[in-house]
Structures are given as structure tokens and as C-alpha cells.
Amino acid sequence: MSDAIVSETVDSVPAAGTGSVRRSRDVPMLVERARAGDPRAVARLITLVESGDETLPRIAAALAPYAGQAQVVGLTGSPGVGKSTTTNELVRALRARGHRVGVLAIDPSSPFTGGAILGDRVRMQDHATDPGVYIRSMSSRGHLGGLSAATPQAVRVLEGAGCDVVLVETVGVGQAEVEVASLADTTLVLLAPGMGDAIQAVKAGILEIADVFVVNKADRDGADATVRDIQGMIALGERGPGQWRPQVVRAVAARGEGIDDIAAAIDKHRGWLVEHGELRRRQETRAAAEIEAIALGALRDRIGSLRDGTELPALAAKVAEGALDPYAAADELLSQLGS
């Protein structure tokens with residue numbers, strides 16, 4: 001189901017021998033073709049998800065039976081640490097095991113068009129002709145946290161398409177952009193010697209989200225010191241009996257070195273998740289976050305519709321003149337939304 005280089009336009013191309021999916025909103029047909037590995041159907045479904053199409057509830061309902069069937073692995077880290085190269089090599093290792101792999105590469109948005117730069121897919125073009133790989137760049141569209149707002153539903157599309165593993169590569173992130181941890185079963189935090197990452201990792205949650213630390217570009221000077229710093233910070237963390245201790249792995253992804261060690265660390269974490277019931281807990285937490293986001297989105301839409309009426313302006317006028325406090329006004333607004 002390869003779609004590594006042209007996923008943004010392939011949904012307008014007829015599927016050979018099966019008719020066209022151009023602009024199709026036939027959800028059962030699209031899901032059926034996606035399940036059969038048709039990259040055009042997968043691309044079309046993700047496009048509908050990204051655009052917030054009116055068919056989104058039907059798409060979610062059709063994909064619900066396949067939820068939780070893929071292993072979701074997040075890769076995050078500062079710009080320049082080698083996330084795309086590591087992802088590319090992980091795809092190679094997973095394919096060697098016979099896994100079908102989906103990749104969601106979150107790219108920065110163009111300030112002019114809002115689209116993704118698509119650089120990650122260019123770096124991963126080694127897999128362009130592999131029918132067992134689907135790679136999609138998604139624009140962050142200004143969403144904070146290193147992901148796109150549509151990423152959770154795009155993961156569901158790839159699960160429905162039969163991917164065994166879904167790799168989610170974030171935008172190059174800073175200290176507080178840790179959203180990927182709420183989406184992934186296993187989170188890899190990539191660091192590189194000489195970039196100050198070892199010190200930054202202790203700040204604002206980066207240490208807490210990592211299930212596996214990958215010290216990439218480990219052939220550089222300072223790699224040993226970076227590993228020691230990370231191991232020292234892990235040792236300072238408080239853990240109860242049986243809690244996961246983050247692994248630290250060295251790699252030189254550009255030469256394919258250390259990739260098997262990364263895969264082994266992911267496997268080890270997966271085993272721990274299953275053994276301790278943590279996998280189900282993370283899946284339920286992820287589902288709760290999705291439900292909350294959808295509910296809040298619907299609530300924002302309803303509040304937005306009130307701006308065109310008289311209720312919200314009337315309440316705003318009362319607050320501005322001191323006749324009503326904003327909390328009481330918000331309570332009144334919520335009561336109107338519930339009616």
C-alpha cells in the first residue's frame with residue numbers, strides 16, 4: 001500500500017481495476033478498499049479526516065472495530081537529531097520482520113498555504129515502491145504539541161488499513177511539546193551529542209514522556225557524556241516496584257547502526273505494557289482524550305454559532321457594564337447550550 005511520495009495527490013487518481021476514488025465520500029467503499037491495502041483509499045480517508053469533512057463521524061464508526069490493533073510508536077526530539085533518518089531505518093527493520101508499517105510524519109505548516117513541507121517523505125523515499133509501507137506527511141496547521149489535530153483519527157485510518165505498526169514522527173519540538181506521549185504506546189525521545197539535549201531533557205516533561213531514549217549520531221564526540229547524563233537523570237527519577245525504567249540506546253541511524261537495539265527496546269517496552277496492563281490503560285486514556293477533544297470541538301462550534309445570535313452579545317454587554325460577572329455569564333451560556 002505504498003504511498004510514500006505522492007500521498008497528498010494520490011486520492012484523486014483512479015484505483016487500477018476498481019474504479020475511481022476521486023472525491024469519493026462513499027465511506028463503506030473507502031474503508032473496504034483501505035482494508036484491502038489500496039493506498040488511494042487510505043489517502044482519501046486521511047484527507048477527509050484532515051479536512052474535518054462531514055463524513056468524519058461515519059468514518060470513525062466504520063473504523064471503530066479495528067481500534068487498538070496496531071502498535072503506535074512515537075518519535076520526538078529537537079530539530080536536527082535525526083528523527084526522519086531513524087524512522088526510515090525503523091521502517092526497514094520492521095519490514096524485515098514482515099510487518100505492515102504506516103508512518104505519519106508531522107511537518108511544519110507553510111505560513112502561506114497551511115500545507116506541509118513534505119520533507120520527511122522525501123527522506124523516506126527508499127520505501128516508495130514497497131506495498132507494505134504507507135507514509136503520509138501531515139501539516140501541523142499551527143497545532144501545538146508537535147502533532148496535528150487530526151493525527152489521532154489518522155492513526156485510526158492506518159489501523160483500519162491493516163498496519164501492524166504505526167510510527168508517528170513529530171515536528172522538531174522544544175521542552176514542553178509532549179503531546180505525542182498521549183498518542184503513542186511507546187515514545188522514543190531522540191537526542192544528539194553536542195546539542196545540549198541532555199540538559200534540556202530534564203525540563204518540562206521530556207524526561208517523563210520517554211519510554212526509550214535514543215542517543216543518535218553516537219559516533220560524535222560527547223556521546224558517552226550524553227548517555228551518562230541521561231542515565232544519571234533516569235536514576236534520580238522515582239519509581240515504584242515493577243515500574244518501567246526508560247532504556248537508553250545508542251545509534252548512528254545514517255549508517256543503520258543501533259536500529260536493531262532500538263527495535264529490541266521497543267519490543268521490551270511492549271512486553272512490559274502487556275504484562276502490567278498498561279497497554280489497555282494507555283489505550284483508554286487515549287480514547288478519553290479523543291472523546292474530550294471531539295466534545296470540546298462541538299461545544300466551540302455551538303458557542304461560535306451563538307456569536308451570530310443575540311445571547312452571547314447580550315451577556316457580553318452585561319459583563320462589560322458590570323451588571324453580571326463573567327462566571328455567572330458563562331453558567332448562563334452553558335445552560336443555554338444545554339437547552
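Reply: Happy to! A helix axis here is a line fitted to the C-alpha atoms over the stretch in contact, and angles between axes run from 0 to 180 degrees between N-to-C directions. Two packed helices are described by the angle between their axes and the distance between the axes. Please keep in mind that this is a predicted model.

The pair to look at is helix α1, residues 27-35, and helix α2, residues 39-50. Their axes are 8 Å apart, and the helices pack at an angle of about 130°. That angle makes α1 oblique to α2. The crossing in which α1 passes α2 is left-handed.

Which residues meet where these helices pack? On the α1 side they are Leu 30, Val 31, Arg 33 and Ala 34. Facing them from α2 are Ala 41, Val 42, Arg 44, Leu 45 and Leu 48.

Let's zoom in on one of these residues, Ala 34, which sits in helix α1. Is Ala 34 buried or exposed? Its relative accessibility is 3%, so Ala 34 counts as buried, the cut-off being under 20%. Setting aside neighbours within four places in sequence, Ala 34 is in contact with Ala 41, Val 42 and Leu 45, and also with Ala 161.

Helix α6 spans residues 151-160 and is mostly covered, with 8 of its 10 residues buried. Among the buried ones are Val 155, Val 157, Leu 158 and Gly 160. Just after α6, Gly 162 takes a positive phi of about 90°.

How far can you trust the picture? The protein chain averages a pLDDT of 82, and 78% of the residues score at least 70. Over residues 2-19, though, pLDDT stays under 50, while the model has 56 contacts beyond four places in sequence for this stretch. Residues 142-146 also have a pLDDT below 50, with 14 contacts in the model beyond near neighbours in sequence. Where pLDDT is low, the predicted coordinates should not be read in detail.

So, as you turn the model, start with α1 and α2 at their angle of about 130°, find Ala 34 in α1, and then step across to Ala 161, one of its contacts.

Conventions. Residues are numbered from 1 along each chain as its sequence is written. This is a predicted model: local features need pLDDT of at least 70, side-chain atom pairs count only at pLDDT 80 or more; totals for chains, interfaces and linings use all residues. Side-chain values use heavy atoms; hydrogens and water are left out. pLDDT is the predictor's confidence in each residue, from 0 to 100. Contact means heavy atoms within 4.5 Å. Helices (H or I, at least four residues) and strands (E, at least two) are DSSP runs, numbered from the N terminus. Angles under 35 degrees count as roughly parallel, over 145 as roughly antiparallel, 65 to 115 as roughly perpendicular and the rest as oblique. A crossing is left-handed if the near helix is turned anticlockwise from the far one by less than a right angle, and right-handed if clockwise. Buried means under 20% relative accessible area, exposed over 50%, partly exposed in between (1.4 Å probe, protein chains only).
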